[in-house]
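Open the model in your viewer and keep the selection tool ready. Each stop below says what to pick and what is there.

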Amino acid sequence: MATRVKERVLRFSASARIAHWGHTVTFLVLLFTGLALFSPSLSFLAPVFGGYSTAGKIHRIMAVFYTAIPLVCLIANPKGFIEWWKDVFNFTKDDLKFVMIFPLEFFGFPVEIPPQSKFNGGEKMNSVVTTTSCVLLAISGYIMWFPQAFPVWLIRAAYPTHDICMILATTMVCMHAYLGSLHPGSRESLQGMLRGTVRADWAAHHHAKWYQKVTGGK
């Protein structure tokens, strides 16, 4: 075990990391510039971006990068994205067991984690909800940006869709950020997004199915 603690296994490719951090940065800029425009009670954010007009311009420019970065990474590494989605939509009994015991792990109780694939049950649910919310955010945002190109009913539907998806995506991002960087049981996953690799002993414990697959059980 002492040797395996020092070993590392590749979990995320360069394109996956670029897509992740590109999404993170653009989402946060979009969130705060959007909040400045969203409510008068959040008007204190507008001066941070140089006023309402500049905040609006930054919001639109960042929306283009927010859309383009995942598409470029998808074109660069389609196999990686397909494998991600295959794993995410393969929700097994072990994933359900993980979700059921997760509250105990979240509050620090020792638990026996059911064998998980590259993404555990919680990460799979996060991937589905976050990706769906972000796609709808982008679509509704472009409809609001170019209203002359769409019917009135669709423009009216875009505004509440944009707001609801913003709340959903922000909630998921906050949970993901805490679990991925601060929670003792899962913060090693941050190293996967920074260095591409994670500790072999952590991978064997938290993602046993995936670890067995990539190492051949060694």
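Which helices do the buried residues of helix 7 pack against? They pack against helix 2 (14-38), helix 5 (93-106), helix 6 and helix 8 (188-194). Helices here are DSSP runs of H or I with at least four residues, strands are runs of E with at least two, and both are numbered from the N terminus. Buried means under 20% relative accessible area, exposed means over 50%, and partly exposed lies in between (1.4 Å probe, protein chains only).

Before going on, note that this is a predicted model: local features need pLDDT of at least 70, side-chain atom pairs count only at pLDDT 80 or more, and totals for chains, interfaces and linings use all residues. Residues are numbered from 1 along each chain as its sequence is written, and side-chain values use heavy atoms, leaving out hydrogens and water.

**Helix 7**

Select residues 152-181, which make up helix 7. Its buried residues include Ile155, His162, Met166 and Met172. Now pick Ile167 in this helix. Ile167 is exposed, with a relative accessible area of 51%.

Go to Thr130 in helix 6 (residues 121-145). Thr130 counts as buried, at 12% relative accessibility. Thr130 touches His23 and Met172, leaving aside residues up to four places away in sequence. Contact means heavy atoms within 4.5 Å.

**Salt bridges**

Select Arg8 and Glu188. Their side chains meet in a salt bridge (3.1 Å, N to O). Arg8 lies in strand 1 (residues 8-10) and Glu188 in helix 8, so the pair ties together parts that are 180 residues apart in sequence. A salt bridge is a side-chain nitrogen of Lys or Arg within 4 Å of a carboxyl oxygen of Asp or Glu. The side chains of Asp201 and Arg199 meet at 2.9 Å, N to O.

Next, show Asp87 and Lys124. Both are buried, and their side chains form a salt bridge (3.5 Å, N to O).

**Aromatic rings**

How many aromatic pairs does the structure hold? It holds ten. Zoom to Trp145 and Phe146: their ring centres are 4.8 Å apart and their planes at 20°, so the pair is stacked. Rings of Phe, Tyr and Trp (its six-membered ring) pair if their centres lie within 6.5 Å; planes under 30 degrees apart count as stacked, over 60 as edge-to-face and the rest as tilted.

Finish with Phe98, Phe102, Phe106, Phe107 and Tyr178, which form one aromatic cluster.
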